[in-house]
Amino acid sequence: MDSLQIVVLAIVQGITEFLPISSSGHLILVPYLTNWPDQGLDFDLAVHVGTLTAIVAYFRRTLFAMARDWLRSVVQRREVGESRLAWAVLFGTIPAGLVGLFFRHEIETTLRSPFVVACTTIGYAVLLFVADRLGKQQRHERSIGWLDVVVIGCAQALALVPGTSRSGVTITAGLFRNMSREAAARFSFLLAVPVMTAAGLAEVAGYAENAAPLDSRAMVLGLVISALTGLACIHYFLKWLTRYGVLPYVLYRLALGAVLLFLVL
């Protein structure tokens, strides 16, 4: 990989991992337009670790409080501080874990077609727009209940289908549950931590099986750039979401889906 390919793909990963615009759609579109060779599993792993590092760094205080209060709630057998949020994240991860476990083959083969990506990119854009218009946007993430956990957790499981966008579909579900835009986004990011960690471990296992030569320069540079890009993306996305809403991302997804349909039909 040359430096330009490393930088561009790392920036694309850092941005699209957190914005509700589908990272899989972009990872198909960018190599197609540039005629670049496949970047390899080691680089995918590096940028994945980079974006995970970004989200942990940004929410470090909240994550520390959640872990601390979760342990206290287990010992004291009652709700303590941020323990409700911690339990919500843990149980909200289960649906995606089960779907990934039992349908991994179909997800990695049948559903990884450009046509599927185009359809989900457009379909979930419309759903995000509807949720933003119909949701009352009155609740914050710390008011989350068990029905919210089930709805948002099951929505996250849908994100295993390429083109859906994990952040997009979980924010959509949060808006349908009358959470504010920022609250839905914050919970979506917190919910990403265990899922991204599990996905990273799966990629490590896959890399170990392939035993491909390691391009340390590409991995380090990709990790650093994707982490810095992801950190900036989270910060500004949460600010702009309150001010501009989801319409810019809806329009972008519709345009991206149209481009993908044009390319595959």
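Which helix holds M196?

1. M196 lies in helix 10, which runs over residues 181-210. Helices here are DSSP runs (H or I, at least four residues), numbered from the N terminus. This is a predicted model, in which local features need pLDDT of at least 70 and side-chain atom pairs count only at pLDDT 80 or more, while totals for chains, interfaces and linings use all residues. Residues are numbered from 1 along each chain as its sequence is written, and side-chain values use heavy atoms, with hydrogens and water left out.

2. M196 is buried, with a relative accessible area of 3%. Buried means under 20% relative accessible area, exposed means over 50%, and partly exposed is in between (1.4 Å probe, protein chains only). Leaving out residues up to four places away in sequence, M196 touches E17, H48, T51 and L52; contact means heavy atoms within 4.5 Å. M196 and S24 are 172 residues apart in sequence, and their C-alpha atoms are 15 Å apart in space.

3. Helix 4 covers residues 60-76. Its 17 residues should span 24 Å at 1.5 Å a residue, and the end C-alpha atoms are 24 Å apart, which agrees. The expected span is 1.5 Å times one less than the number of residues. T62, L63, A65, M66, D69 and S73 are the buried residues of helix 4. Seen down the helix axis, these residues fall within an arc of 155 degrees, so they line one face of helix 4. The arc is taken from the directions between the helix axis and the C-beta atoms. An α-helix has 3.6 residues a turn, so residues three or four places apart point the same way. On the other side of helix 4, F64, L71 and V75 are exposed. R77 follows helix 4 and has a positive phi, near 55 degrees.

4. What is the angle between helix 4 and helix 5? Helix 4 packs against helix 5 (residues 83-102) at about 95 degrees, with the axes 7 Å apart. That makes helix 4 roughly perpendicular to helix 5. Axes are lines fitted to C-alpha atoms, for helices over the stretch in contact, and angles run from 0 to 180 degrees between N-to-C directions. Angles of 65 to 115 degrees count as roughly perpendicular, under 35 as roughly parallel, over 145 as roughly antiparallel and the rest as oblique. Helix 4 contributes T62, M66, D69, W70, S73 and V74 to the contact, and helix 5 contributes S83, L85, A86, W87, V89 and L90. By class, the contact of helix 4 with helix 5 has eight nonpolar, three polar and one charged residues. Ala, Val, Leu, Ile, Met, Phe, Trp, Tyr, Cys and Pro count as nonpolar, Asp, Glu, Lys and Arg as charged, and the others, Gly among them, as polar.

5. A88 is found in helix 5 and is buried, with a relative accessible area of 3%. Not counting residues up to four places away in sequence, A88 touches I144, V149, F187 and L191. The C-alpha atoms of A88 and I152 are separated by 9.8 Å, although these residues are 64 apart along the chain.

6. Helix 8 covers residues 146-158. Its 13 residues should span 18 Å at 1.5 Å a residue; the end C-alpha atoms are 19 Å apart, which agrees. D148, V149, I152, G153, A155, Q156 and A157 are buried in helix 8.

7. Is Q156 buried or exposed? At 2% relative accessibility, Q156 counts as buried. Aside from its neighbours within four places in sequence, Q156 is in contact with G92, T93, A96, R166, V169, T170, L191, A192 and V195.

8. Helix 11 (residues 216-244) and helix 12 (residues 247-264) pack at about 100 degrees, with their axes 9 Å apart. That makes helix 11 roughly perpendicular to helix 12. F237, W240, L241 and Y244 of helix 11 meet L247, P248 and Y249 of helix 12. By class, this contact has seven nonpolar, no polar and no charged residues.

9. Two loop residues other than glycine have a positive phi. Q137 has phi near 55 degrees and is in the loop between helix 7 (114-134) and helix 8. N178 has phi near 70 degrees and is in the loop between helix 9 (166-176) and helix 10. Q137 counts as partly exposed at 26% relative accessibility, and N178 counts as partly exposed at 25%.
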